[in-house]
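Let's go through a protein model together, one feature at a time. Keep the picture open while we talk.

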Amino acid sequence: MVVKNVCCIGAGYVGGPTCSVIAWKCPDIKVHVVDKSEMRIKQWNSDKLPIYEPGLDDVVKECRGKNLFFSCDIEKGIKEADLIFISVNTPTKTFGIGKGRAADLKFVEACARKIAEVAEGHKIVVEKSTVPVRAAESISHILSANTRPDVSFQVLSNPEFLAEGTAVTNLLYPDRVLIGGEESAGGDEAVAELMWIYTHWVPKEKIVTTSTWSSELSKLASNAFLAQRVSSINAISAVCEATGADVSQVAAAVGLDSRIGPNFLQASVGFGGSCFQKDLLNLVYIAECLNLPEVAMYWQQVTDMNEYQRTRFAKRIVECLFNTVTDKTLAVFGFAFKKNTGDTRESPAIYVCSHLLEEGARLNIYDPKVEPKQIEHDLTSSSVTDDPERVQTLFSTYSDPYEAAKDAHAIVVLTDWDEFKNFDYKKMLDSMKRPAFIFDGRKMLDHSALIKLGFHTETVGKRFARNALLRASGEHFPAFSWTP
Ligand code: NAD
Ligand code: UDX
């Protein structure tokens, strides 16, 4: 069999970009992306795609209507396809056994059942979603239990490693493509078919094949390792703040060790995104179920450290602002979980803002890509507040950062958008209340320039031996501050 038709169930942050790149690089393959959400499909077929990813618009424009199609006709997509990606969401369970930790596989299971129900002939079913180890076994069970005599399946694991904001580049130049398959002739054949698709643009030596279970676990392990690096440097950032060391200098020195390397050592207000927290918790749950409590505790600590970092930053803002933010106006720059995406899932901004709102602060929020409706949804959701009406009265969204900063007591930077580096902070300072504070949760601004301008500047993993502004004026110098 040579794959001519690919179907992808799930037109989200993974399914959409991945299949757009496959269509672009494989003009000989017809790619049909299907989703149960009419709204999402409508957006994929419009000029404003449902997700913001640099470079994605061009890829979609190039292929849509030629060999790339988006529709809600899931049955047709499955019937026509030789190979089906399951790329649906696998969120943390919110109820029942494993609540708050285990991955909810109901969407993956629904896909397997739909495939079993309507498939004809031989199909290769590929797990693209991030799943617990041995999920492929459950998919195989469902498929085989519902098989008609003329239908057969091979299930592969092909986890996705793209990061949001850089999805197109990551897909075009992946560090590796991982394919896990059954160790059998049928499994090898299916692996070869999927490999053939990737070899249209990925060098063969970057395509790694393993057993299905190793492939599934490698995805969880990769995310756990990445998150662990961020939590490790954030833990060090707390030590830096307490001692006078600078976490950027420490990270640079540590990262020069070729065994450690420089990436993913940027101290921050905490990691966010739809994957790290969910996949860590999933790993913790798996370890607990396997009766490996020490392993579970080890990975749990990575997410606990992340929560500590977010809370620590929010508390520091309150403390610096003379221990109260009630009725003070704070301009919040950035709400997305990282730059170059409009995605807010698990964004540290949600947690920091909620803490400040809880304290009675008034927030003027600016983000270049996040829709105001999304911010409203995130800040009033029942998972972060039990008083959405009160919260609603305490924040506003702005499309102009200068307007957001006007009359504010402080600026709080929560996302690493490049444009924040180029703002005219003198202009902002002139319109702000005094003393004017800036809290850089991404350690990305020019702090000496800000201090020179007259901002009381605070950042992650560094104490400035200054804040001469407050001292010179004889005003209260926050007691928690470390003085050299
Ligand atoms: P998403 O929520 O953006 O998209 C999932 C889509 O699947 C939604 O549009 C939803 O409507 C659709 N869907 C759910 N059940 C369906 C069904 N039965 N039939 C048809 N459509 C259905 O999710 P995502 O961010 O694209 O993540 C998908 C998977 O990829 C997850 O397992 C995630 O862990 C993994 N992953 C995500 C990223 C990332 O950066 N977002 C990176 C790597 C891996
Ligand atoms: C992550 C993985 O990187 C990717 O391989 C996987 O497929 C999906 O999950 P993503 O969540 O999109 O990707 O973004 P990533 O770049 O990993 O950043 C995650 C969070 O960590 C962001 O909030 C980011 O700001 C933060 N981060 C990252 C840091 O705080 N410091 C760093 O050094 C790196």
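Q: Which domains does the shell around ligand 2 draw at least three residues from?
A: First, a word on what you're looking at: this is a predicted model, where local features need pLDDT of at least 70, side-chain atom pairs count only at pLDDT 80 or more, and totals for chains, interfaces and linings use all residues. Residues are numbered from 1 along each chain as its sequence is written, chains are lettered from A and ligands numbered from 1 in the order in which they are written, and side-chain values use heavy atoms, with hydrogens and water left out. Domain bounds come from an automatic or database domain assignment. Here, domain 1 (5-202) and domain 2 (225-483) each supply at least three residues to the shell around ligand 2.

Q: How many residues surround ligand 2, and which are the closest?
A: A residue is near a molecule if one of its heavy atoms lies within 4 Å of it. Around ligand 2 you'll find 20 residues, with Leu162, Glu164, Lys219, Ser268 and Arg442 the closest. Helix H9 (residues 212-243) gives the most to this shell, four residues. Helices are DSSP runs of H or I with at least four residues, strands are runs of E with at least two, and both are numbered from the N terminus.

Q: How many residues in the shell around ligand 2 are nonpolar, polar and charged?
A: Ala, Val, Leu, Ile, Met, Phe, Trp, Tyr, Cys and Pro count as nonpolar, Asp, Glu, Lys and Arg as charged, and the others, Gly among them, as polar. By that scheme the shell around ligand 2 has 11 nonpolar, four polar and five charged residues.

Q: Which backbone atom lies 2.8 Å from an oxygen atom of ligand 2?
A: For a ligand, think of a polar contact as a pair of N or O atoms within 3.5 Å. A backbone N or O atom of Phe337 sits 2.8 Å from an oxygen atom of ligand 2. Gly272 also has a polar backbone atom 2.9 Å from a ligand 2 oxygen, and for Leu265 the backbone distance is 3.3 Å. On its own, ligand 2 exposes 660 Å², and the protein buries 90% of that; accessible areas come from the Shrake-Rupley method with a 1.4 Å probe.

Q: What surrounds ligand 1?
A: Read it just as before. The shell has 27 residues, and Val14, Asp35, Thr90, Glu164 and Lys278 are the closest. A polar side-chain atom of Lys278 lies 2.6 Å from an oxygen atom of ligand 1, while a polar backbone atom of Thr130 is 2.9 Å from a ligand 1 oxygen.

Q: In what order do the strands of the open sheet run?
A: Two strands pair if DSSP finds at least two bridges between them. Six strands make up this open sheet, in the order S11-S10-S9-S12-S13-S14, with parallel pairing. Strand S11 (395-398) and strand S14 (456-459) are the edges, each pairing on one side only. Inside the sheet, S12 (residues 410-413) and S13 (residues 437-440) pair over four bridges, and Val413 stands opposite Asp440 in S13.

Q: Where is the cis peptide bond that has omega near -10 degrees?
A: Look at the bond from Arg434 to Pro435. Pro435 is in the loop between helix H17 (425-431) and S13.

Technical notes:
A polar contact is a pair of N or O atoms within 3.5 Å; within protein, one must be able to donate a hydrogen and the other to accept it, and residues adjacent in sequence count only if both atoms are side-chain atoms.
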